[in-house]
Amino acid sequence: MSLSKFFILCVLLDRPLHGYDIAKEVQRRKEACCAPREGTIYPVLKQFAEGGYVTYKSKIVTGRERRTYAITNKGRDAFFICLGEWLKMTKTLED
């Protein structure tokens with residue numbers, strides 16, 4: 001899993017968010033390191049939704065569809081599996 005995908009799931013652990021808010025929260029937490037660009041975040045969220053890693057609820061706001069994304073149990077499991085692998089790699093690099 002790429003770092004940007006990993007961090008998208010990470011921010012969704014806290015609460016459901018809109019796509020724009022996901023990008024801003026990743027950027028805020030990681031100080032712009034590995035922050036997804038707006039043009040790439042929505043295809044990732046679509047891929048995650050199709051894979052069952054996130055769900056979304058749609059709402060029309062000022063004539064536009066606005067989706068709020070939430071992580072699923074499958075997405076949570078995938079995040080923690082990847083976290084374990086990243087921690088193993090980090091330990092290997094430190095050693």
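These notebook entries record what I looked up in the structure above.

**Entry 1. Basis**

I worked on a predicted model, in which local features need pLDDT of at least 70 and side-chain atom pairs count only at pLDDT 80 or more, while totals for chains, interfaces and linings use all residues. Residues are numbered from 1 along each chain as its sequence is written, and side-chain values use heavy atoms, with hydrogens and water left out.

**Entry 2. Overall layout**

I looked up the elements first. The protein chain has four helices and three strands, in the order α-β-α-α-β-β-α from the N terminus. Helices (H or I, at least four residues) and strands (E, at least two) are DSSP runs, numbered from the N terminus. The C-alpha atoms fill a box of roughly 55 × 25 × 20 Å along the principal axes. Of the 95 residues, 28% count as buried; buried means under 20% relative accessible area, exposed over 50%, and partly exposed in between, with a 1.4 Å probe and protein chains only.

**Entry 3. Helix α1**

I then asked how many residues of α1 are buried. Seven of its ten residues are, and the helix is mostly covered. They are F6, F7, I8, L9, C10, V11 and L12. What covers them includes β1 (17-18), α2 (19-30), α3 (38-51), β2, β3 and α4. For contacts (heavy atoms within 4.5 Å), I also noted the sequence range: among those between residues at least 6 apart, 47% join residues at least 24 apart.

**Entry 4. Aromatic rings**

My search of the whole structure gave six aromatic pairs. One of them is F6 with W86, a tilted pair at 6.5 Å centre to centre and 55° between the planes. F6 lies in helix α1 (residues 3-12) and W86 in helix α4 (residues 73-94), so this pair ties together parts that are 80 residues apart in sequence. Rings of Phe, Tyr and Trp (its six-membered ring) pair if their centres lie within 6.5 Å; planes under 30 degrees apart count as stacked, over 60 as edge-to-face and the rest as tilted. F6 is buried at 7% relative accessible area, whereas W86 is partly exposed at 28%. F6 and W86 belong to one aromatic cluster together with F7, F79 and F80.

I found K74 over the face of Y53, at 4.8 Å from the ring centre. The criterion is NZ of Lys or CZ of Arg within 6 Å of the ring centre and within 35 degrees of the ring normal.

I examined strand β2 (residues 54-61) and strand β3 (residues 64-71), which pair in the antiparallel sense over eight bridges; pairing requires at least two DSSP bridges. V61 has R64 in β3 as its bridge partner. The two strands form a hairpin with two residues between them.

Most residues other than glycine have a negative phi. T62 is exposed, with a relative accessible area of 77%.
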